Amino acid sequence: MNGIKIFDSIRNIEITINNHKEEIEKLDQEIGDGDHIFNILRGLQELLNLKDKLVDETSDQIFKQLGMKIMTTVGGSSGALFATLLIGMSKKFNPELNDLNNLSEMFYEGVESMKKRGKSDIGEKTMLDVLIPVSKTLINLKDESNISKVAEKIIIVAKDGMLSTKDIIATKGRASFLGERAKGHIDPGARSSQLAIEAICNQFINN
Ligand code: ADP
Ligand code: MG
């Protein structure tokens, strides 16, 4: 893990999200207020703008600074939550571990911080329906030596998590105001998180 790889991942996420922006916008128009795609793209752009400044810093510093940038520039629930994820990840960074071990521990911690911040858990029709199963699967697979195999498994887990948001009601976020009417719609945050995870996994598969 280093600055170049971290910023490459952000760039790949931005490309994927951009390719799905109409879809994500529509999902948040259906069960939210429509701004999710704007919040996400704004955040990604702010992060990419920090590349020259941060690329040579240690990875924990990079994650922390990225989180703080999101916290101060991106609105919506997703801004605060993704900032919390990144700052949580920075706290667990351990340069002694190999990348998969390190990333698994960091991501698990980040997701736990997010759960606390959003007072939310799995099954509430949010991005956590993607992030929690992914973090648990990563911990289970952290000693696997075939990285492509891990990445392929994570892609499936993220997709299943995203699809699981479709037929449930929301108990957190704006979609919770809709009650039963939210059923039949995929959660926008779950879709954007799943796409981001898929983009990172593809990077590992192609390398
Ligand atoms: P807002 O809902 O404030 O307009 P966004 O549109 O940017 O913010 O993000 C909406 C997404 O945030 C939802 O689709 C959901 O996945 C996620 N979300 C909302 N509230 C929570 C929460 N308490 N915990 C986890 N995720 C949440
Ligand atoms: Mg919104």
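Before you click on anything, here is how the elements get their names: helices (H or I, at least four residues) and strands (E, at least two) are DSSP runs, numbered from the N terminus. This is a predicted model, where local features need pLDDT of at least 70 and side-chain atom pairs count only at pLDDT 80 or more, while totals for chains, interfaces and linings use all residues. Residues are numbered from 1 along each chain as its sequence is written, and chains are lettered from A and ligands numbered from 1 in the order in which they are written.

**Stop 1: Thr84.** Select Thr84 and you land in helix α6. Is Thr84 buried or exposed? Thr84 has 22 C-beta neighbours inside 10 Å, so it counts as buried. The cut-offs go like this: 20 or more other C-beta atoms within 10 Å of a residue's own means buried, 12 or fewer means exposed, and in between is partly exposed, with C-beta atoms placed from the backbone. Now show what Thr84 touches: leaving out residues up to four places away in sequence, that's Ser113, Met114 and Arg117. Touching, or being in contact, means that the C-beta atoms of two residues, placed from the backbone, lie within 7 Å. Try the distance tool on Thr84 and Arg117: they sit 33 residues apart in sequence, yet their C-alpha atoms are 7.4 Å apart in space.

**Stop 2: two loop lysines.** Next, pick Lys119, in the loop between α7 (99-118) and α8 (128-140). Lys125 lies in the loop between α7 and α8 too. Most residues other than glycine have a negative phi. Lys119, though, has a positive phi of about 45 degrees, and phi of Lys125 is near 65 degrees, also positive. Which of them is out in the open? Lys119 is exposed, because 8 other C-beta atoms are within 10 Å, whereas Lys125 has 28 such neighbours inside 10 Å and so counts as buried.

**Stop 3: ligand 1.** Now select ligand 1 and show its surroundings. How many residues surround ligand 1? There are 22, and the closest are Gly76, Ser78, Gly118, Gly173 and Gly189. A residue is near a molecule if its C-beta atom, placed from the backbone, lies within 6 Å of it. Colour α3, α6 (76-92) and α10 (188-206), the elements that give two or more residues to this shell. Helix α6 gives the most, with 4 residues. By class, the shell divides into 5 nonpolar, 11 polar and 6 charged residues. Here Ala, Val, Leu, Ile, Met, Phe, Trp, Tyr, Cys and Pro count as nonpolar, Asp, Glu, Lys and Arg as charged, and the others, Gly among them, as polar.

**Stop 4: a helix pair.** Select α2 (residues 21-31) and α3 (residues 36-48), which pack at an angle of about 135 degrees with their axes 7 Å apart. That makes α2 and α3 oblique to each other. The contact is made by Lys21, Ile24, Glu25 and Asp28 of α2 with His36, Ile37 and Leu41 of α3. Sorted by class, this contact has 3 nonpolar, 1 polar and 3 charged residues.

- Axes are lines fitted to C-alpha atoms, for helices over the stretch in contact, and angles run from 0 to 180 degrees between N-to-C directions.
- Under 35 degrees counts as roughly parallel, over 145 as roughly antiparallel, 65 to 115 as roughly perpendicular, and the rest as oblique.

**Last stop: zoom out.** Look at the whole chain: there are 10 helices and 0 strands. Buried residues make up 43% of the 207 residues.
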